[in-house]
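Please keep the sequence and the model in view while reading.

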Amino acid sequence: MIELSDMVRELRRQLAIALADSEGEAVRFELGPVELEATIAVSREAGAEARTRLWVVDAGANGKYAHAQTQRVTVTLNPTTVATDGSPARPVLIAGGEVDNER
């Protein structure tokens with residue numbers, strides 16, 4: 001199992017790679033809402049650094065974690081690029097060269 005935060009981090013990394021790989025392409029795709037659906041298991045740790053963790057359950061491991069508290073969750077993310085000059089964030093365009101107001 002992996003933590004839900006690791007799943008989102010990997011998605012962000014993959015989108016960044018797709019954006020970088022698209023330089024010079026003629027066709028552009030605007031990245032709309034990204035919907036993730038996963039079965040998660042909740043675990044709680046005791047002690048001085050107690051915390052609750054959300055683990056993404058592998059599709060083939062549902063039976064293995066049947067005794068654990070599992071929930072099906074859907075998370076919708078709206079990716080944008082971060083403006084370094086304080087101007088509003090803009091939608092992410094994957095593929096092609098830069099255009100006005102893109103990044």
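## Confidence and conventions

The pLDDT is the predictor's confidence in each residue, on a scale from 0 to 100. The chain has a mean pLDDT of 75, and 73% of its residues reach 70 or more. Confidence is highest in helix α1, at 86, and lowest in strand β7 (residues 90-91), where the mean is 66. Where pLDDT is low, the predicted coordinates should not be read in detail.

This is a predicted model, in which local features need pLDDT of at least 70 and side-chain atom pairs count only at pLDDT 80 or more, while totals for chains, interfaces and linings use all residues. Residues are numbered from 1 along each chain as its sequence is written, and side-chain values use heavy atoms, with hydrogens and water left out.

## Overall architecture

The chain contains one helix and eight strands, arranged from the N terminus as β-α-β-β-β-β-β-β-β. Helices (H or I, at least four residues) and strands (E, at least two) are DSSP runs, numbered from the N terminus.

Of the 103 residues, 25% count as buried; buried means under 20% relative accessible area, exposed over 50%, and partly exposed in between, with a 1.4 Å probe and protein chains only. The chain exposes about 7400 Å², of which carbon and sulfur atoms supply 52%. These areas come from the Shrake-Rupley method with a 1.4 Å probe; for residues, only the protein chains shown count as cover. A contact requires heavy atoms within 4.5 Å. Among contacts between residues at least 6 apart in sequence, 68% join residues at least 24 apart.

## The four-stranded sheet

Four strands form an open antiparallel sheet in the order β1-β4-β3-β5. Strands β1 and β5 (70-77) stand at the edges with a single partner strand each, so one side of each lacks a neighbour in the sheet. Two strands are taken to pair if DSSP finds at least two bridges between them.

Strand β1 pairs with β4 (residues 51-56) in the antiparallel sense over two bridges. Here Ile2 faces Val56, and Glu3 faces Trp55. Six bridges join the antiparallel strands β3 and β4, with Ile40 opposite Val56. The β3-β4 hairpin has five residues between its strands, and Gly47 adopts a positive phi near 110° there.

Beyond residues up to four places away in sequence, Glu3 touches Arg51, Arg53, Leu54, Trp55 and Val56.

## The nonpolar core

The largest nonpolar core has eight residues: Leu4, Met7, Leu11, Leu31, Val34, Leu36, Ala38 and Val56. Two or more residues of this core come from each of α1 (4-21) and β3 (34-45). Such a core is a set of buried Ala, Val, Leu, Ile, Met, Phe, Trp, Tyr and Cys residues joined through side-chain atoms within 4.5 Å. In soluble globular proteins, nonpolar side chains tend to be buried together.

Apart from neighbours within four places in sequence, Leu36 contacts Met7, Val8, Leu11, Val73, Thr74, Val75 and Leu77.

## Phe29 in strand β2

Phe29 belongs to strand β2 (residues 29-30). Phe29 counts as exposed because its relative accessibility is 54%. The C-alpha atoms of Phe29 and Leu19 are 10.0 Å apart, with the two residues separated by 10 residues along the chain.
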